[in-house]
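Subject: Structure handover

Hello,

Here is the structure I promised to pass on. Please open it first, then read my notes below.

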Amino acid sequence: MDLFRMPPHGLKELNNYHHLFHPFLKAYGLGFLYYLSPRIFSLVLLRVKRRISNKKNNVVSPAIIDIFRKSSELHRFPAFCGATIGGWHVLQPIFEKSLETLGKFSESLGAEKATGEQRRRVATFLASASASAVAIRQLNSRNVEGPAGRTLDLTLFAVVRALDVVIGEIWARRKAHRAHSKTFTRLDRIIENNADAAIFAASAAVIMFSWLYEPEKLPSSYNKWITKISEADPRLITTLRRIRSGQFVYGKETGQAPLLQSLCGDLSLPKIWGDPAVTKRIPCEIVHHGFSKSCELHACWRFWNAWKAAFTMYLGLNFLVRLRNGLTIHTSLRAVGDAAKSAAFLGTFVGTFWYTICLTRTRLGPLFWPQSEQLFLENLCVKLSCLSCGWSILVEPAHRRSEIAFFVAPRALATFMPRKYERKHVWKETLVFAVSAGIVFTALKENPKRVRGVFGKLLGSVVS
């Protein structure tokens, strides 16, 4: 019977309620702020707008109460955070004791003895994966009659983080081995220094291609944001889609003229330019939105507009981050500088996208593919634009690239699967999320540096 008696440290762990509930409360509080802040901000902004327009607003207070009520429901994000972290800490000592007991039983049968470190790692993985499975199922318990998929973005985020942990660990061991044998080459360093940039570039290519040709694969809010920041006229985007589908053909009357002719009219350009039956190639001035004949000036104009829009957004975020430590002249200047750099990244992204379109369809394309039809170049220019714009991430400092790549990669993965699916397949998503979360939390426990970026630091502060 001694095998099944809990050791003193196990009893102490389970009786230490402060140790168990403190991580739960921190995780729940963080999830509560994450859930509540944007919704309250949106309501306050709505009230300010209505006051400016002198409209009466009697729905803000009940709406705030409703948000607080919803945030306390079990199938909401705050409860998910609390259940994941709190459940892990409750199950950890139980799994450790169970594995210790199982180990003693296996040793009595002649099996190899497992070390305490090995048992702890396995217990951490099993405890965190089990808690995560319960939490994600609870988060999916809303609208059980309808299709599933509301937690897909969260699951893909966990998958990307888990892959980063696993690949990072494999690379670190390979690097240590090669450094010891002095075979770590220059190519290895290039790969190491540009891996995050390559991940972002590939993810951005997938997202931009989906935005142009398959917008239903992206969330509607994300589609609207890309359209806004890129300042793309819907008629021009529709033209690119119809070129790809074969509806828009040069030299033939297919009824597509009104689409671009209306844009030409708005830009004070000759309407005949928008008729594919007459023109041999859409003039660049239409793509330039009437700004200039120069493709270079147009790219600079796109860069400047995107930079201005992004600078305002990033400036507020940078000041908000520095408020907790107090604002000084030095930190304020740093906030302005960091905002300008981040805005330059987004401006370069947009400028590169549009400039690559012009280069491919009017300059480099005819040079490298002189025998190709113009429609081939019209399709090629979009693909090359999608592939090139993501490399603007190199404008950002190295430590920021991983954060941006981690934000974009899950959205790119989501385009390869349906946004909604039948509920009978929920167990598959639950399993994927549980394994991914187990890997991340185990790494956080054993080697916190392996969980990179702000997410790793934030999660580490919660679970500690």
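Start with His288. His288 lies in the loop between helix H11 (284–287) and helix H12 (295–322). Helices here are DSSP runs of H or I with at least four residues, strands are runs of E with at least two, and both are numbered from the N terminus. His288 counts as buried because its relative accessibility is 0%. Buried means under 20% relative accessible area, exposed means over 50%, and partly exposed is in between (1.4 Å probe, protein chains only). Setting aside neighbours within four places in sequence, His288 is in contact with Lys293, Ser294, Cys295, His298, Trp301 and Cys358. Contact means heavy atoms within 4.5 Å.

Before you go on, note how to read this. The model is predicted, so local features need pLDDT of at least 70 and side-chain atom pairs count only at pLDDT 80 or more, while totals for chains, interfaces and linings use all residues. Residues are numbered from 1 along each chain as its sequence is written, and side-chain values use heavy atoms, with hydrogens and water left out.

Next, His289. His289 is also placed in the loop between H11 and H12. His289 is not a glycine, yet its phi is positive, about 60°. Most residues other than glycine have a negative phi. His289 is partly exposed, with a relative accessible area of 28%.

Glu231 has a positive phi too, about 55°, and is not a glycine. Look for Glu231 in the loop between H8 and helix H9 (234–245). With a relative accessible area of 37%, Glu231 is partly exposed.

Now the cysteines. How many disulfides are there? The count is zero. A disulfide is a pair of cysteine sulfur atoms within 2.5 Å. Cys358 is in no disulfide, and its nearest cysteine sulfur, that of Cys295, is 3.8 Å away. Cys358 is buried, at 0% relative accessibility. Cys300 is partly exposed, at 49%.

An unreviewed UniProt entry marks residues 27–46 and 193–213 as "transmembrane region". UniProt positions are given in the numbering used here, feature names are shortened, and annotations may be inferred rather than shown by experiment. Over residues 193–213 the chain is 100% helix and 0% strand. The end C-alpha atoms of that stretch are 32 Å apart.

How do helices H7 and H8 cross? The axes of H7 (residues 186–213) and H8 (residues 220–230) come within 11 Å and cross at roughly 95°. Axes are lines fitted to C-alpha atoms, for helices over the stretch in contact, and angles run from 0 to 180 degrees between N-to-C directions. H7 and H8 are therefore roughly perpendicular. That label covers 65 to 115 degrees; under 35 is roughly parallel, over 145 roughly antiparallel, and the rest oblique. H7 brings Ile207, Met208 and Trp211 to the contact. H8 brings Tyr222, Asn223, Ile226, Thr227 and Ser230.

Ser392 sits in the loop between helix H14 (374–389) and helix H15 (398–414). Ser392 is buried at 4% relative accessibility. Not counting residues up to four places away in sequence, Ser392 touches Phe345, Thr348 and Phe349.

Ala434 is in helix H16 (residues 426–446). Ala434 is buried, with a relative accessible area of 7%. Its C-alpha atom is separated by 7.7 Å from that of Ser128, 306 residues apart along the chain. Ala434 touches Ala129, Ser132 and Ala133, again leaving out residues up to four places away in sequence.

Best wishes
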